[in-house]
Number of protein chains: 2
Amino acid sequence: MAEPDAERHAEKMRKRQAAHRRTVAAKTVEKGLVIVHTGTGKGKTTAALGMAVRAIGHGMKIGVVQFVKGAMATGEKMVFDAFPDQVEFKPMGEGFTWDTQDRARDIEVTRTAWDEVKRMMADPAYDMVVADELNIVLRYEYLPVDEVLEALAARPAKTHVVITGRNAPAALIEVADLVTDMSLVKHPFREQGVKAQAGIEF
Amino acid sequence: MAEPDAERHAEKMRKRQAAHRRTVAAKTVEKGLVIVHTGTGKGKTTAALGMAVRAIGHGMKIGVVQFVKGAMATGEKMVFDAFPDQVEFKPMGEGFTWDTQDRARDIEVTRTAWDEVKRMMADPAYDMVVADELNIVLRYEYLPVDEVLEALAARPAKTHVVITGRNAPAALIEVADLVTDMSLVKHPFREQGVKAQAGIEF
């Protein structure tokens, strides 16, 4: 009785494989992508870190600038530091804005971090540039979105740029090649009183 | 004119910081979490890889089992190989099921991969276990979800488990501590004929 089932399955999978190969063959464009991770759920920054890790494995050069982190020691730094020739990692933020309580200083810090991103994006040596939590500083209007769009448009054609943070501005989504929305289904913080833990939250 | 604005901002941020601190102080539970990344968008596996990277940085021991990858060389392997004492990385799959066209063999491969996950989850030496694309094999019914729930319930209290893949079964979401749904907003594959690129897709 198993044989006909197995044969049907194999036939179905052959068709699916053929369809998949046709789809792949039709995709021939190679270009630097603008990738945005947004939404109120978790995984925006961690997915960007995962992309950086894959890029390391492919011998690419990666620049990572974090706009609102820096006060807290994060696990990713140690791993990136193991690949100093490939990864330039810059936690430029000074914690969340409620820690600094100084808007002028936040703008100044944002400007310094943005200058780093611009430098990396303009330099063809970088294959991938991650601007972590850039959406946050755009939301607070610490940086005009037009400056970001201009720098994206002017970058080398092969450079991938990954931008994270909730509330991605519509103008950024408009120019992006790939936008993923991370949304919360369940969260232990809110529902169970679980505290931030190493490897999970930072 | 700037002064009152700056003072209002500082006051607002002081209040937000105080509220944030009260929230954090109320969270005291430390426990191993069951984390699920699901949805039809991108970022499910990459966010799991990012969590593994953070865990490496915190000196944790991590097991990663990939259920449906293996045929394709992925970037993450090289990075994980740089931390052999901390990461056990097992790409156990044989490609997608349309490549194998053999359901009996898919079930066998799934079983071998699942045995690895069970071994890691039962061993208190592992701080985090990633079962990448486990939801896919559950969806195809290559593995009964009850076996997964049983192994999760029996694991050491501090072990984090990260499970990825679209179509997470309701029974798994029910027991999970943190569930994130990744959804597609824009995708260059479908809209622009862009092919899979190193560092982005693999």
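## Two chains, joined strand to strand

Start with one pair of residues: Asp181(A) has Ser183(B), in β6(B), as its bridge partner. Strands pair here if DSSP finds at least two bridges between them. Helices (H or I, at least four residues) and strands (E, at least two) are DSSP runs, numbered from the N terminus.

A word on what you're looking at: this is a predicted model, where local features need pLDDT of at least 70 and side-chain atom pairs count only at pLDDT 80 or more, while totals for chains, interfaces and linings use all residues. Residues are numbered from 1 along each chain as its sequence is written, chains are lettered from A in the order in which they are written, and side-chain values use heavy atoms, leaving out hydrogens and water.

### Where the chains meet

Taking contact as heavy atoms within 4.5 Å, 79 residues of chain B touch 79 residues of chain A. About 6800 Å² is buried between chain B and chain A, with carbon and sulfur atoms giving 62% of that; buried area is the accessible area (1.4 Å probe) that two parts lose on being put together, summed over both.

Two salt bridges are counted between the chains, a salt bridge being a side-chain nitrogen of Lys or Arg within 4 Å of a carboxyl oxygen of Asp or Glu. One salt bridge brings together the side chains of Arg54(A) and Glu76(B), at 3.0 Å from N to O. On the side of chain B that touches chain A, the elements giving two or more residues include α1 (2–26), α3 (75–81) and β6 (178–186) of chain B. The largest share of that side, 11 residues, comes from α2(B).

Here is how the residues on that side of chain B divide:

| Class | Which residues count | Residues |
|---|---|---|
| Nonpolar | Ala, Val, Leu, Ile, Met, Phe, Trp, Tyr, Cys and Pro | 35 residues |
| Polar | the others, Gly among them | 23 residues |

### Inside the chains

Chain A has nine helices and six strands. Of its 202 residues, 53% count as buried, meaning under 20% relative accessible area (1.4 Å probe, protein chains only).

In chain B, have a look at Val162(B), in strand β5 (residues 160–164). Val162(B) counts as buried because its relative accessibility is 0%. Beyond its neighbours within four places in sequence, Val162(B) has contacts including Ile35(B), Met51(B) and Val130(B). Val130(B) is 32 residues from Val162(B) in sequence, yet their C-alpha atoms are 4.6 Å apart.

Note on methods
Buried means under 20% relative accessible area, exposed over 50%, partly exposed in between (1.4 Å probe, protein chains only).
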